[in-house]
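Look through the sequence and the 3D view below before reading on. The report then takes the parts of the chain one by one.

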Amino acid sequence: MTAVWENLTIDARDPSRLASWWAEALGYQVITDKPDEVEIRRTPDTTPGLVFVPVSGPKEGKNRLHIDLRPADMEAEVERLVDMGARHVDIGQGDVEWTVLADPEGNEFCVLREREE
């Protein structure tokens with residue numbers, strides 16, 4: 001028997017605010033909003049979800065795990081996310097075909113080019 005991926009847990013100084021940001025970015029909805037965890041999913045019954053839990057300190061260093069997004073239009077999506085509060089970051093990626101952004105709390109994620117068929 002294998003395990004099923006249920007959630008990805010993200011430390012956050014303001015879990016409710018960061019969960020709301022990611023819900024808007026991904027078109028997800030908030031499923032649970034409690035002081036010790038806020039969970040978002042595409043639909044209530046769809047996994048995996050993202051769970052945001054409170055931490056007291058700021059993020060330090062580069063993420064060891066990150067989310068890759070593949071939109072239909074990379075440039076438009078990068079612009080939308082930056083307008084929402086993401087920012088461009090340099091984590092040493094060099095000259096690549098994707099864009100590295102950070103969410104409002106500094107968690108890096110990548111916006112990939114459209115998939116070529």
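In which sense do strand β6 and β7 pair, and over how many bridges? Strand β6 (residues 87-88) pairs with β7 in the antiparallel sense, over 2 bridges.

## Basis of the model

This is a predicted model, in which local features need pLDDT of at least 70 and side-chain atom pairs count only at pLDDT 80 or more, while totals for chains, interfaces and linings use all residues. Residues are numbered from 1 along each chain as its sequence is written, and side-chain values use heavy atoms, with hydrogens and water left out.

Helices (H or I, at least four residues) and strands (E, at least two) are DSSP runs, numbered from the N terminus. Two strands pair if DSSP finds at least two bridges between them.

Buried means under 20% relative accessible area, exposed over 50%, and partly exposed in between (1.4 Å probe, protein chains only).

An open sheet of 4 strands has the order β1-β4-β3-β2, with mixed pairing. Because β1 (7-12) and β2 (29-34) stand at the edges with a single partner strand each, one side of each has no neighbour in the sheet. On average, neighbouring strands of this sheet are turned by 20° against each other, direction ignored. β1 and β4 run parallel and are joined by 6 bridges; Ala12 stands opposite Pro54 in β4.

Helix α1 (residues 15-26) lies across β1, β2, β3 (37-41) and β4, running at about 160° to β4. Axes are lines fitted to C-alpha atoms, for helices over the stretch in contact (heavy atoms within 4.5 Å), and angles run from 0 to 180 degrees between N-to-C directions.

## Asn63

Where is Asn63 found? Asn63 is in the loop between β4 (49-54) and β5 (67-69). With a relative accessible area of 16%, Asn63 is buried. Not counting residues up to four places away in sequence, Asn63 touches Asn107 and Glu108.
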